[in-house]
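Please keep the structure in view while reading.

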Amino acid sequence: MAFPSYFPHDVQRLFAVSSALLIVLSVTLQQQRFYLPKAFFISCLVVFASQLFISALYKPAAPQAWFLHLLLYLGAALLFVSGINIPRNKLKSWLHIYLLLSSLWVLIGLYVWLDGTDGNDLKIGVITVAILPYLKLAGPFQQGNILATLVGFSWLISHWFALNSSKHIYRFSILFFTIALLSTLSRGAWIAYCICLIMLLLTTNKFSYWLRKFLPYWLSGAFLGYICFELRTTPYVQHYDLSLVVINSATSPKTERLLIWATSFSEFLTSPWFGVGWGQFPDQFWYAAPAALQFMQDSLGLNNLQLYNTVFNAHNIFLHLAAEAGVFALILFFWGCWILAKHTGSLLLKPDSIRLPFALSVIGFLLHSQIGIIYSEPLVLLIAALFSGIALTPWLRHKSWNLKPTKAAKIILIASVSVVVLWSSQSISQWFMSESIYRQIKVENKESIKRLDEVMHLPRVRAIPLTSLAYTVALYKQHSEVLKPVIPFLETSLPEIPSLSAHQVLFYAHMYAANYERACQIGRKIMGMHFTGEKNTATYQLICNGEKPVNYHFGLVD
């Protein structure tokens, strides 16, 4: 869910992990016997132990980000194991539940996209359920690629049901999810899930027959998706031509993606064995990008490379894993992908297998993750982990410990899940508090500024309202006395959420406080990123020369 609206990432992660642990608890309590795959357990033990050791040895620059990622990956590992323990006779119910959930996400997205909220965000009380999208159908996820992945799963599942059932509801489901998938305008998802669908249809030995059967639904979905795009009336999208949107996005500068990949590899080279640490990719990107840029210019002759915004992930699951966790984790992940691919091939020989749609969904996720960011989204990652466990169950159970959960073990599990859920609830409430402060801050109102004391001890939570306050002060050049006291807090929050705005605000605060040496360091750091539209090069050079500049441009200027 995209709430609170300005702070989605931590809230989504905490909600997703809490939900995952509740699923793990539910599955475990229903089982008389519990399968724990040996190789997977040992691999996880190695990876988690190495990350804990490295984080203890070298304290992460963003410790809260590291801890949140630890929780996320722990949740994914537990969901994978839970998938192995779900009885086969319940898998069809799980697929139906997922189709209903994804239908709800799409309907929410269409309602907002087609101006059901009169050009406003969709809210329930103080909770922002869905934010007004820019161009793509996004549902409650703010980003069209996220919804595209979740819908891609449903699209494949609907086709599998239609191949194995004569019920018309599944063909209507194909039509519905075709509309949704195309409306996300996610080219990576289109390619990934079409490849998986072709694999599915080829297993039937009646490829031409099913192609003729499904073609009307695909064409109707494409036509209705186009109509939806033309009917959208939200102020962000109402003046866009669909063909131009797709063409322009498809031909947008790919050199930026190359620079991101090169920088990710540069991060990996700084710590190849164990990586820079979970959750440390965004902060380390600021240091690795200049070297990658120089390499691509000198060695590959690629000049005029520029970034268009702050980068928080590698846009490739293998590069991201290598950068954050190192070569050992990458090798283990490659091994897992090979096992999944091999056994998916076996499932394709049995097209009526209930585990086939789970396996193909994960294959689609991995294909989409080669050029996208969806692996970094907690809900998508956790669902993919669960589906992987379900898909690989027949093979993993033969190489698992067959355990009988004792009463003491169940009590410990219940207590542990309860602690995490309660802690998550408290953390989420802090983010809601932070959003409330963000909305109410008035520079001229000292009482509203004092409310920052409620979250000042939480580096990630305070980062956005504090940056917003300092940004407002700097932009309007009023109440500048507020800047100097908040500098220490801006400094410690910077690695947690290292956005361009946070760097610019910190630079300006140091400039105002006449801390020219530190301001110069931040200015050079920003210049090294070569952001398109960052127009302060002369200002940074003046500061480094010990002179105070007159003007400063915030944000990215066209």
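## Overall make-up

The protein has 22 helices and four strands. The model is a predicted one. Of the 558 residues in the protein, 54% are buried. The protein exposes about 25,400 Å², and 64% of this comes from carbon and sulfur atoms.

Contacts can also be sorted by how far apart the partners are in sequence. Among contacts in the protein with a separation of 6 or more, 75% are between residues 24 or more positions apart.

## Helices α2 and α12

Helix α12 covers residues 317-348, and α2 packs against α12 at an angle of about 170°, with the two axes 10 Å apart. The two helices are therefore roughly antiparallel, since angles over 145 degrees count as such.

On the α2 side, the residues in this contact are Ala39, Ser43, Val47 and Gln51. They meet Glu324, Ala325, Ala329, Leu332 and Trp335 of α12. Sorted by class, the contact of α2 with α12 holds six nonpolar residues, two polar ones and one charged one.

## Ser55 in helix α2

Helix α2 runs over residues 38-57, and Ser55 is part of it. Is Ser55 buried or exposed? Its relative accessible area is 16%. Ser55 therefore counts as buried, because the cut-off for buried is under 20%.

The side chain of Ser55 reaches the backbone oxygen of Leu52 at 2.9 Å. Leaving out residues up to four places away in sequence, Ser55 touches Pro60 and Trp66.

Conventions. Residues numbered from 1 in each chain as written. Predicted model: local features only at pLDDT ≥ 70, side-chain atom pairs only at ≥ 80, totals over all residues. Heavy atoms only, no water. Buried < 20%, exposed > 50% of the residue type's maximum accessible area, 1.4 Å probe, protein only. Polar contact = N/O pair within 3.5 Å; in protein donor to acceptor, adjacent residues only side chain to side chain. Contact = heavy atoms within 4.5 Å. Axes fitted to C-alpha atoms, helices over the stretch in contact; angles between N-to-C directions. Parallel < 35°, antiparallel > 145°, perpendicular 65-115°, else oblique. Nonpolar A, V, L, I, M, F, W, Y, C, P; charged D, E, K, R; others polar. Areas by Shrake-Rupley, 256 points an atom, 1.4 Å probe, with all protein chains shown as cover.
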